[in-house]
Amino acid sequence: MATETPPPAKPQVHLPSTEEFTEVQQSAEFGELRRAHRSFAFPLTIAFIAWYLLYVLLSNYAGDFMGTKVAGNINVALVLGLAQFLTTFLIAWWYARHAAAKLDPKAEAIKSRMEGGA
């Protein structure tokens, strides 16, 4: 006859209070984390939106240019449209590298200190 064993006990994690969250949010360490994120994300977001709007404006107002054949039936519009996808993936890859190198270690330090109650 098999007996049921209780599930393994989960380690107790300290749940920070509202005051602790506010204190960490106002700390220099959190400010540095926020700056590291914003200094990367905001310029890239603005650049990508500008690049996207350029593509849309060219598509609307520069039809002859966008219809220029590059090779065979491939025109400038198709090349720039595919470049939109390429830049999206490159930015995602670049952000993942940036986050792993700069953001994640800082965030993990803050998280472990808050959960440890230190």
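Leaving aside neighbours within four places in sequence, which residues is His98 in contact with? They are Ala36, Phe40 and Leu103, where contact means heavy atoms within 4.5 Å. This is a predicted model: local features need pLDDT of at least 70, side-chain atom pairs count only at pLDDT 80 or more, and totals for chains, interfaces and linings use all residues. Residues are numbered from 1 along each chain as its sequence is written, and side-chain values use heavy atoms, with hydrogens and water left out.

**Around His98**

- His98 is found in helix H4. Helices are DSSP runs (H or I, at least four residues), numbered from the N terminus.
- His98 has 14% relative accessibility, so it counts as buried. Buried means under 20% relative accessible area, exposed means over 50%, and partly exposed lies in between (1.4 Å probe, protein chains only).
- Ala36 has its own list of partners. Leaving aside neighbours within four places in sequence, Ala36 is in contact with His98, Leu103 and Lys106.

**Nonpolar cores**

- A nonpolar core is a set of buried Ala, Val, Leu, Ile, Met, Phe, Trp, Tyr and Cys residues joined through side-chain atoms within 4.5 Å.
- The largest one here has 7 residues: Val24, Leu33, Ala36, Ala99, Leu103, Ile110 and Met114.
- Two elements each give two or more residues to this core: helix H2 (28-61) and helix H4 (76-116).
- The biggest share comes from H4, with 4 residues.
- A second, separate core has 5 residues, including Tyr55, Met66, Ala77 and Leu80.

**Salt bridges**

- Side chains of opposite charge can pair when their charged atoms come close.
- A salt bridge is a side-chain nitrogen of Lys or Arg within 4 Å of a carboxyl oxygen of Asp or Glu.
- How many salt bridges does a search of the whole structure find? The search finds 3.
- One joins the side chains of Arg113 and Glu29, at 2.6 Å from N to O. This pair links distant parts of the chain: Arg113 is in helix H4, Glu29 is in helix H2, and they are 84 residues apart.
- Both partners are partly exposed: Arg113 has 32% relative accessibility, and Glu29 has a relative accessible area of 31%.

**The network at Glu32**

- Glu32, Arg35 and Lys106 are linked in a network of salt bridges.
- Arg35 and Glu32 meet through their side chains, at 3.5 Å from N to O.
- Why are Arg35 and Glu32 separated by about one helical turn? They are 3 residues apart in helix H2.
- Lys106 also forms a salt bridge with Glu32, and the closest N and O atoms are 3.4 Å apart. Lys106 lies in helix H4 and Glu32 in helix H2, so the pair ties together parts that are 74 residues apart in sequence.
- Glu32 is partly exposed, with a relative accessible area of 33%. Lys106 is partly exposed as well, at 26% relative accessibility.

**Glu23**

- Glu23 is found in helix H1 (residues 18-25).
- Is Glu23 buried or exposed? Glu23 counts as exposed, because its relative accessibility is 60%.
- Glu23 and Arg38 are 15 residues apart along the chain, and their C-alpha atoms are separated by 20 Å.
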